[in-house]
Structure formats: structure tokens, C-alpha cells
Amino acid sequence: MKWGLYPKMLLAFLAISILPIVLIGTFLYSQTKSALQDEAYSRLEAIRDAKKATITQHIDEKLLNLEGLADNEQVATRFEPLVQRFSSGGLTADRYQQLAKQADPYFNDYIKQFGFYDIFFIDLKGNIVYTAFKEPDLGQNLVTGDLKSSGLGTAYTDALKTKQPTLSDYSYYAPSKEPAAFFAIPYVDPTTKQTIGVLGLQLAGDRINQLMGTTAGLGKTGTLETTDADKHEVVTAFTPLTVGQTNWGLITEVHTEEVFAGLTTFLQRLVIALVVLAALVVLAAILFTRTLVRPIRQLVHSVGAIAQNDLSQPVTASSRDEIGQLSRLFEQMRQSLVGLVGRVDTMSRTIDASLADLVVEAEQTGSGTKEMAAAMTGIATNAQTQSGTFDQYTAELQSLAVTIEQTAETSLLVVSSTTQSETLAANGQTDLQDVNQQMDVIQETMQEASIKSHRVQDASQNVLAIISIIEAIASETNLLSLNASIEAARAGEQGKGFVVVAREIQNLAKQSKQAMVQVQETIDSILAETTDLQDAMQRGTEAAQDGVRRVAQASSSFDAIVTQSKGVTSEMTSLSHANRHVLETASHLVQQAEHLQSGVLAAAENNQLASEQSLTFSERMDVVHTLTEEIYTLSRELHEEINRYTIEQ
């Protein structure tokens with residue numbers, strides 16, 4: 001399936017327009033998402049750092065509370081007595097119970113006031129001798145009992161080893177049934193300055209949870225956790241938190257759905273905006289493509305009409321851009337082609353008329369040449385016949401000479417010889433008259449042949465003139481076809497049809513010119529041979545005139561012989577003189593007859609040559625006729641090719 005210019009340009013405009021829109025939308029979405037994610041990270045980090053500072057401050061406060069508690073007077077008055085009474089009587093001793101009850105109100109208020117879960121008095125043996133909350137851990141041993149590996153046991157052991165306040169990490173504490181962290185500090189008796197035990201505090205989990213659960217700035221799903229148990233995709237911020245010898249990890253996180261909730265709204269609005277913009281772009285592309293393609297389609301229609309040999313439809317230009325300029329150039333080319341076709345058509349008609357006259361003239365010239373050849377053949381035949389007559393006449397003259405000699409030898413035969421001479425003279429006179437008539441016929445035939453030769457020469461000159469016109473027309477046609485080729489080449493792809501037509505016209509012009517060159521060469525050869533023929537005819541005419549003159553002289557001699565023969569009887573006395581005169585005359589006649597015979601033979605040869613030249617000329621005229629008909633046929637084909645073009649509606 002071939003796509004036209006309209007769908008191609010429309011798709012190109014849509015691709016060029018929509019692709020940047022998609023890229024811009026994708027870029028805006030990516031940048032917005034990245035900005036929201038960066039903002040979430042920044043907010044999480046800020047909250048994380050704030051929480052870290054809050055927790056660190058809280059732990060430091062608790063350590064200060066622990067150190068302050070170790071110097072508290074209530075502890076100093078209660079710690080050692082409770083240790084001693086626990087050692088002497090255990091938890092059930094009345095004295096221990098009494099002292100513990102006295103201490104409970106103060107220490108319960110203390111842990112509530114400062115946010116602790118419980119308070120511990122532990123002796124050096126690891127016995128928990130006092131707690132304010134009274135959980136199952138009271139009375140247990142942290143060295144040998146089940147709580148040895150608990151957080152409280154770890155804090156107790158570390159405090160005794162380091163002699164410094166310590167904090168145990170959060171771990172599950174069975175007596176409280178929940179995770180717990182413990183502070184511990186060696187307790188030194190104020191009086192003796194000796195370590196008599198360890199003072200411990202259980203960190204209240206609700207306070208830490210309160211600090212960790214504050215999600216201000218984290219959104220609806222924001223959390224602050226040391227571990228990530230949420231299975232949702234979250235955005236997190238982590239930082240290590242070192243408290244004493246304990247390393248914690250502080251993580252702030254928020255669900256990505258909440259982080260990118262604004263992005264979803266933005267994406268929806270962006271998609272709507274892009275769809276509206278794409279629709280506007282499609283509409284603009286359709287209108288622009290139609291505006292751009294419409295003049296191109298008009299130009300294609302006009303050029304298609306020109307390609308179909310219809311030059312009557314003008315190429316209109318409705319714009320001033322490059323397409324309008326191209327349309328105006330095609331209109332100029334169409335007008336040039338209209339002028340070219342008109343001129344070629346006029347020249348073709350002129351060539352047709354000239355070639356028609358040339359064909360008729362060549363046919364007439366060929367017919368005249370054939371008639372002249374036939375006449376020349378007849379002249380040659382008559383000359384050959386006269387040659388035989390002259391042979392007979394010469395023999396008779398020789399016989400007459402012999403007779404005259406015999407007359408001189410004997411007078412007895414004078415009468416008979418005179419009679420015979422008179423008869424022979426009469427016959428000779430008759431023959432000379434016939435010869436004279438034949439010579440007149442030869443002379444008239446030669447004159448007629450000369451006239452026809454002149455006609456042939458004139459016709460050849462007319463043919464040369466027509467050939468000159470045809471050569472000029474062929475040259476002009478060749479020039480016009482060259483101009484047409486140039487115009488068609490400027491037209492590009494749409495002018496290929498005109499290039500073919502121009503080349504055909506150029507080839508016809510070249511063939512016409514070549515044929516005219518052949519015809520001109522043939523006519524020149526005919527003119528040369530016609531000139532030779534005229535020279536030969538002139539020589540034949542002169543020979544015939546000379547023969548007529550000599551025949552006239554012979555006729556006069558025969559007249560004298562007849563006259564003398566008639567007066568033989570009365571002039572017998574002058575017989576001898578007459579015989580000599582007759583003998584001399586006969587000899588002279590023999591010489592004249594032989595000379596006349598030579599002239600007749602020369603005339604016959606010239607006539608034969610003229611006949612052959614006339615036949616050659618006739619054959620060449622046939623060639624001229626054939627070439628002329630071929631040129632006429634080519635001219636008609638050129639005329640038919642031109643008639644294919646429609647110039648006017």
C-alpha cells in the first residue's frame with residue numbers, strides 16, 4: 001500500500017509534535033517524583049535527627065537521674081539497711097517488710113516523676129534486695145539465677161566491672177513480660193566510700209515508645225522504628241545511635257503511597273493536560289497539513305494533465321512560498337511547451353506541403369528521365385541503323401569508282417555504265433536524303449533530350465531549394481527539441497514525459513537532416529551527370545550538324561552526277577574528263593561517307609552513353625523519390641505526435 005504525501009506529513013507532524021509532549025510529560029513526572037522523594041528524604045532525615053537528639057537527650061537525662069539518685073539521701077538511708085535485713089531474714093522478715101514499706105512511697109513517686117518503670121537495690125552477691133514495683137524479679141540472684149543473662153543482669157555485671165554507669169540494650173525481660181532496658185551504677189556508701197552494691201533503674205518503655213511514636217511531619221503512615229517490620233514499600237532514613245556501650249539504629253520511614261500521593265494527582269492533571277494539548281496538536285497538524293498539501297495536490301493534478309499531453313489546463317499558484325514559485329515555473333514551462341508545440345506543428349505542416357510537392361516533382365523528374373533514356377535508346381538504335389546504311393553507301397561508292405575506271409578503259413560500255421551510274425546516283429541521292437532525314441531526326445531528338453536535361457537540372461535545383469528549407473526546418477526543430485529538453489529537465493520528475501517527446505522530435509529532426517544530406521548528395525551527383533549528359537548531347541548535336549552538312553555536300557555531288565549522267569550521250573567527247581572528275585568525286589564521296597560514318601558511330605556511342613546516364617539518373621531519382629517518401633512519412637509521424645497535445649479547450 002502506497003501512502004500519499006498527506007498521511008506521511010500528518011504522521012510526521014504528529015510525531016514531531018506529540019513526541020516532545022510525551023518527553024516533557026515524562027520529564028515533568030520524573031522531576032516531580034524525584035522532588036517529592038527528595039523532600040520526603042529531607043523531611044525524614046530532619047525528623048530522624050530531631051528524634052535522635054531527643055532520645056539522646058532523654059537517655060542522658062536518665063543517666064543524670066541515675067547519678068543523682070545514687071547521691072540521694074533516701075537511697076543512702078535505705079540501701080544498706082535493706083541489704084542487711086535481706087541478708088539476715090530475707091524478703092519475709094518483718095524488719096525487711098517494715099523498712100521496704102517505708103521506702104515504697106518515695107521511690108514509687110520517684111519513678112513516676114522521672115519516667116522510670118522500676119528501681120532496683122542489688123547487693124554485691126547479685127541479690128535483688130528491693131524493687132518499687134514488686135515484680136517476680138524481687139529476691140532473685142543476677143549471678144546464679146535465671147536473670148543472669150537478662151538485660152538487668154548484663155547491666156549489673158558491666159557496672160561492677162567498669163565502675164561506671166551502664167545501660168543494657170532492649171531485650172525481653174520475663175518479669176515484666178515485655179522488652180526492657182536497664183540503667184545500673186555502682187553504689188558507694190557515703191560514709192565508708194566502699195561499693196556495697198548496684199543501684200538500677202528500669203527504663204519505662206512507654207516513654208521511649210512515646211518518643212519513637214511521635215510522627216509529626218511524617219504524614220499519616222510515618223513511623224519511627226529501630227527495625228522495619230512493615231511489609232509495605234516505604235521511604236526510610238537511618239542513623240546509628242550510640243548510648244554508652246550500646247549501639248542502636250534509628251530508622252524513620254513513610255509509605256511511598258503517601259509520599260507520592262501528590263504525584264498521583266499531579267500525574268492525573270498532567271495526563272489530562274497532555275491529552276488536551278495532543279488533541280490541539282492533532283487538530284493543528286491536520287489543518288496545517290491540509291493547507292500545505294492542497295496546493296501540492298493541485299500542482300500534481302496540473303502536471304499530470306501535462307504528462308497526459310493536455311497543455312490546455314493552466315497551472316495556478318495560490319501562494320507566494322516555494323510551492324507557489326514551483327507552480328509558476330510549471331506554468332511558464334507549460335506556456336513554453338504550448339508555443340513549442342505550435343511552432344513544431346506549423347513547421348510540420350510546412351514540411352508536409354513541401355515534401356508532397358517534392359514527391360510529385362521527383363516522380364515527374366523520374367518519368368521524364370525514363371522517357372529521355374528511351375529516346376536516347378531510340379537514337380542509338382537509329383544511329384546503328386544509319387551506320388549500316390553508310391556501310392552500304394560506301395560500298396556503292398567504291399563500286400561506282402570501279403565502274404568509272406572500267407568506263408575509262410572501255411567506251412563500249414559507256415552507255416550502260418552511264419545508265420548504271422545514273423541509277424546508282426539516283427539511289428545514292430535517295431539514300432542521302434534518307435540520311436539527311438535521319439540526321440534531322442537525330443538533331444531534333446538531341447535537342448529534345450537537351451531540353452529534358454535542362455528540365456531535370458531545373459527540377460534538381462528546385463529539389464535543392466526544398467532540401468535547404470527542410471534542413472533549416474530540421475535545424476529549427478532540433479533547436480526547439482533541445483529547448484524542450486532543457487525545460488523538461490527543469491521540471492524534474494514530472495518532465496520526464498516531455499524529455500521523451502523532445503528526444504523523439506530531436507531524433508526525427510536528425511533523421512530528416514541525414515536524409516536531406518543523402519538527397520542533396522544524390523541531387524548533386526545527378527546535376528554533375530546531367531552536366532556531363534548535356535556536354536555529350538552538345539557533342540552529338542555538333543556531330544549530327546556536321547553529318548547534315550556533309551550529307552548536303554554529298555547530295556550536291558549526287559545531283560552533279562545525275563546531271564552529268566544525263567548529258568553523257570551529248571558529251572561523249574568529254575567522257576574521259578568526266579570519268580576522271582567522277583572518279584575524283586567518287587573518291588571524295590567515299591572519304592566523306594567514311595567520315596560521316598565515323599560521326600554517326602560517335603553519335604551512336606554518345607547517345608548510348610547518354611542513355612546509360614539517363615538510366616542512372618532515373619535510378620537515382622527513384623532513390624530520391626523513396627527518400628522523399630520516407631521523409632514525408634517521418635514528417636507525418638511528427639505531425640501525429642504533435643497532434644497528441646491538447647493546447648486549447
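1. At 30% relative accessibility, Y106 counts as partly exposed, a label for 20% to 50% relative accessible area, with buried meaning under 20% and exposed over 50% (1.4 Å probe, protein chains only). The model is predicted, so local features need pLDDT of at least 70 and side-chain atom pairs count only at pLDDT 80 or more, while totals for chains, interfaces and linings use all residues. Residues are numbered from 1 along each chain as its sequence is written, and side-chain values use heavy atoms, with hydrogens and water left out.

2. Y106 lies in helix α3. Helices (H or I, at least four residues) and strands (E, at least two) are DSSP runs, numbered from the N terminus. Not counting residues up to four places away in sequence, Y106 touches N72 and Q74; contact means heavy atoms within 4.5 Å. The C-alpha atoms of Y106 and A132 are separated by 9.2 Å, and these two residues are 26 apart along the chain.

3. Helix α2 (residues 73-89) packs on helix α3 (residues 94-114) at an angle of about 150 degrees, with the axes 10 Å apart. Axes are lines fitted to C-alpha atoms, for helices over the stretch in contact, and angles run from 0 to 180 degrees between N-to-C directions. The angle makes α2 roughly antiparallel to α3; the cut-offs are under 35 degrees for roughly parallel, over 145 for roughly antiparallel, 65 to 115 for roughly perpendicular, and oblique for the rest.

4. Which residues of α2 and α3 make the contact? From α2 come Q74, V75, R78, P81, L82, R85 and F86, and from α3 come R95, Y96, L99, A100, Q102, A103, Y106 and F107. By class, this contact has 10 nonpolar, two polar and three charged residues. Here Ala, Val, Leu, Ile, Met, Phe, Trp, Tyr, Cys and Pro count as nonpolar, Asp, Glu, Lys and Arg as charged, and the others, Gly among them, as polar.

5. Helix α1 (residues 5-70) holds N65. The axes of α1 and α3 come within 12 Å and cross at roughly 160 degrees, which makes α1 roughly antiparallel to α3. The contact involves K62, N65 and L69 of α1 and F107, Y110 and F114 of α3. N65 counts as buried because its relative accessibility is 15%. Leaving aside neighbours within four places in sequence, N65 is in contact with Y110, F114 and F116.

6. Strand β1 (residues 116-123) pairs with strand β2 (residues 128-131) in the antiparallel sense over three bridges; two strands pair if DSSP finds at least two bridges between them. I122 has I128 of β2 as its bridge partner. Four residues lie between the strands of this hairpin, and G126 takes a positive phi near 95 degrees.

7. Strand β5 (residues 178-188) is mostly covered, with eight of its 11 residues buried. Two bridges join β5 to strand β3 (residues 166-167), running antiparallel. Three bridges pair β5 with strand β4 (residues 171-173), also in the antiparallel sense, and Y172 stands opposite P179 in β5. Eight bridges join β5 to strand β6 (residues 195-203), again antiparallel. A184 stands opposite G200 in β6.

8. For the protein as a whole, the secondary structure comes to 11 helices and nine strands. Of its 649 residues, 43% count as buried.
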